[in-house]
Amino acid sequence: MEASVKIENLTSKTISISSGVHQGCPLSATIFNLILNSVIKKLNLIGHISLELKQIVAYVDDVALLTRSPKALKEIFHKLQNEATLVGLNINEEKTKYMQIKRTGTKDITHLKIDNFAFENVENFNYLGSILNVDNTMNIEIAEGIVKGNKVYYANEKLIKLKFLKRSTKMKIYKTIIRPVITYSSESWTLTAKDEKNLRIFERQILRKIFVPVNIDNMWGIQSNMEIDKLIDGADIVRFIKAQRIKWLGHIQRMGQARATRNLLDWKPMGSRPAGRPRQRW
């Protein structure tokens, strides 16, 4: 590359740039996205996993390979590795994980070996802030969200306990800073009664700090669950999550038929259901 500096009407001599782009450079992310996008397009994986044998999902440098068999996984990995090597990109072995999801039978806990790579077999994995696991349940992600929410609360505890701040201001702090951390990606959650209970317990602990103890007949006491529910007009965290799910459903319904998300919503799986009570669905 070559560049020159222009100040008002004066332009400097041409300067040769041979060091390339560095991390943090505005051009770095743009060039990387363009190159990785060209690599993924060459794989030519059209369709989604409900109908196809293999699929690729990518967001910036977080790439997920989805297949129905280990053989198909190795094939798509080799294609990705070959195309990436041609443009100077490498696969990070330590950060790459392997997860096998089975409805029935014993899960293979051995690591996946492809050529000189050995990828760790894990039971859950954090992908773009959502925790995916072999059982396709939400309890691990919800528990992790509550832990993160507690950290954010204690980081803002002084604000919550300030006496001169109004309750309405403290509620805004909770709804805009603390609650979004817990409910991140909650649009896709399938909540059980236990999950709803844990979420409400966490929220009430914070609300009791906001709606300080009350004095009744010269005796100080905290509000009951029913009293807290009345103070927030029943709009607790569980109701908020269910409202977010409905918004997300409306967003999907407005999508075009070419979108994979819409196709997956309308998709009717082939075959028969396994024995036993069906899993609770979204």
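Author: Rings of Phe, Tyr and Trp (for Trp, its six-membered ring) count as a pair if their centres lie within 6.5 Å, and the pair is called stacked if the planes are under 30 degrees apart, edge-to-face if they are over 60, and tilted for the rest. The model is predicted, so local features need pLDDT of at least 70 and side-chain atom pairs count only at pLDDT 80 or more, while totals for chains, interfaces and linings use all residues. Residues are numbered from 1 along each chain as its sequence is written, and side-chain values use heavy atoms, with hydrogens and water left out.

Reader: Why is the pair of Phe77 and Phe119 called edge-to-face?

Author: The ring centres of Phe77 and Phe119 are 5.4 Å apart, and their planes stand at 70°, so the pair is edge-to-face.

Reader: Which parts of the chain does the pair of Phe77 and Phe119 tie together?

Author: Phe77 lies in helix H2 and Phe119 in strand E9, so the pair ties together parts 42 residues apart in sequence. Helices (H or I, at least four residues) and strands (E, at least two) are DSSP runs, numbered from the N terminus.

Reader: How do you know whether Phe77 is buried or exposed?

Author: Buried means under 20% relative accessible area, exposed means over 50%, and partly exposed lies in between (1.4 Å probe, protein chains only). Phe77 has a relative accessible area of 5%, and therefore counts as buried. Phe119 is likewise buried, at 3% relative accessibility.

Reader: How do you know that the span of helix H1 agrees with its number of residues?

Author: The expected span is 1.5 Å times one less than the number of residues. Helix H1 (residues 26-43) has 18 residues and should span 26 Å, and its end C-alpha atoms are 27 Å apart, which agrees.

Reader: What puts the buried residues of H1 on the same side?

Author: The buried residues of H1 are Leu36, Val39 and Leu43. They cover an arc of only 55° around the axis, so they lie on the same side of H1; the arc is that of the directions from the helix axis to the C-beta atoms. The face turned away from this buried side carries the exposed residues Pro26, Leu34, Lys41 and Lys42.
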